[in-house]
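Come along while I look things up, one entry at a time.

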Amino acid sequence: MYVRRVLSTALLLLGIAAAPAAADSSPSASPSGDSAAPTQAGTSFRTATEIEQGQQATASGSTGDYLYWSFPADAGQRPTVKATVKLPEASTRHAGQTWQLDVYDGLRRRQACQYGAQTRTAAQDAASVELACTLRTVRSWSETWANDPLPGTYYVRLTVTGLQASDLGLPVGAEVKVDSKDIGGSAAVDGSLAKPLVPGIATSAGKSDSDSGSPTATLSSIEPDDGWASGWWSDRWVWTAIGGILAALAGIGGYALTRGSGRPSRVPPGA
């Protein structure tokens, strides 16, 4: 009966510990309403248009322009950036076009794609071209010499890299969307950044320093829904709790098996 009560308590604790992990395994991006999605793109890192994960941003431009967006990514997330370029009318083009999607972190270091078609060439009669880039999992901490993705702002740059000079300036449309998969404790590391890599990306219009009169720099206003470092919980906590409970059960079971049935009734107490 005692062992049965211990097992019941252990199962209850395992259920309580696993519940947050199940909730944490859901996708971390929460789509915002399409009505609030941006309809233009920046032309540099400093003017990159801010988008939330789950939003589908659109923009119009000209062939040869550099289009920039920025989004937040926190520790434990594996972002995937997808872009669709709507090409000019085939009758106005003279050859195929090669488009490229690049992603940079908050230090403007170009990040490698784990997989996805980062560069594609569209035929002359193609109506659109689709690009994708899945980054490595964002780490909460890294060595200073490493190029690991870290929490903060990420920049998306979309541009054409190969076309005839006669096709420059033709109108194009672009759609960009960022989603993330929460990887969990398998990507957790010991250590964390003091602050996320969110640099100043713009100057506030109409605001200036009262002393110098110069525009004041503003930081990015985008961040994860639950704030930075929202991924402090990981399933490593669950497996640690499970290991501790199993060790306790093993100790109790070993004691119950080895202690015996006690002093035989035929042996007097003083013997």
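**Entry 1: salt bridges**

I began with arginine 139 and aspartate 148, whose side chains meet in a salt bridge at 3.4 Å, N to O. By that term I mean a side-chain nitrogen of Lys or Arg within 4 Å of a carboxyl oxygen of Asp or Glu. Arginine 139 is partly exposed, with a relative accessible area of 27%, while aspartate 148 is buried at 17%. My cut-offs are under 20% relative accessible area for buried, over 50% for exposed and partly exposed in between, with a 1.4 Å probe and protein chains only.

Before going on, I noted what I am looking at: this is a predicted model, where local features need pLDDT of at least 70 and side-chain atom pairs count only at pLDDT 80 or more, while totals for chains, interfaces and linings use all residues. Residues are numbered from 1 along each chain as its sequence is written, and side-chain values use heavy atoms, with hydrogens and water left out.

How many salt bridges does the structure hold? I found six. Aspartate 102 forms one with arginine 110, the closest N and O atoms being 3.0 Å apart. Aspartate 102 counts as buried at 1% relative accessibility, whereas arginine 110 counts as partly exposed at 41%. Aspartate 102 also forms a salt bridge with arginine 157, here with the closest N and O atoms 3.3 Å apart. Aspartate 102 lies in strand S5 (residues 97-104) and arginine 157 in strand S9 (residues 152-162), so this pair ties together parts that are 55 residues apart in sequence. Both aspartate 102 and arginine 157 are buried.

**Entry 2: the overall layout**

I counted two helices and 12 strands in the protein chain. These are DSSP runs numbered from the N terminus: helices are H or I with at least four residues, strands are E with at least two. Along the sequence, the pattern reads α-β-β-β-β-β-β-β-β-β-β-β-β-α. Of the 271 residues in the protein chain, 38% are buried.

I then checked contacts, meaning heavy atoms within 4.5 Å. Taking those between residues at least 6 apart in sequence, 72% join residues at least 24 apart.

**Entry 3: nonpolar cores**

Which residues have the most contacts inside the largest nonpolar core? I wrote down Trp69, Phe71, Val81, Trp99, Leu101 and Leu158, in a core of 29 residues. A nonpolar core is a set of buried Ala, Val, Leu, Ile, Met, Phe, Trp, Tyr and Cys residues joined through side-chain atoms within 4.5 Å. The elements giving two or more residues to this core are strands S2 (56-62), S3 (67-73), S4 (77-86), S5, S8 (128-135), S9 and S10 (171-182). Apart from this core lies another, of five residues, among them Phe45, Ala48, Tyr68 and Tyr155.

I also listed what leucine 101 touches beyond four places in sequence; the list includes Val81, Ala83, Leu131, Val156 and Leu158.

**Entry 4: aromatic rings**

I looked for rings of Phe, Tyr and Trp (its six-membered ring) with centres within 6.5 Å; planes under 30 degrees apart count as stacked, over 60 as edge-to-face and the rest as tilted. That gave me four aromatic pairs. In one, the rings of phenylalanine 45 and tyrosine 104 have centres 5.2 Å apart and planes at 90°, so the pair is edge-to-face. Phenylalanine 45 sits in the loop between helix H1 (2-24) and strand S1 (49-50), and tyrosine 104 in strand S5, 59 residues apart. Phenylalanine 45 is buried at 15% relative accessible area, and tyrosine 104 is buried at 10%.

Another pair is phenylalanine 71 with tyrosine 154: the centres are 5.9 Å apart and the planes at 25°, so these rings are stacked. This pair links strand S3 to strand S9 across 83 residues, and both partners are buried. Phe45, Tyr68, Tyr104 and Tyr155 form one aromatic cluster.

**Entry 5: confidence**

I finished with pLDDT, the predictor's confidence in each residue from 0 to 100. The protein chain averages 78, and 70% of the residues score at least 70. The value stays under 50 over residues 16-33 and also over residues 201-210.
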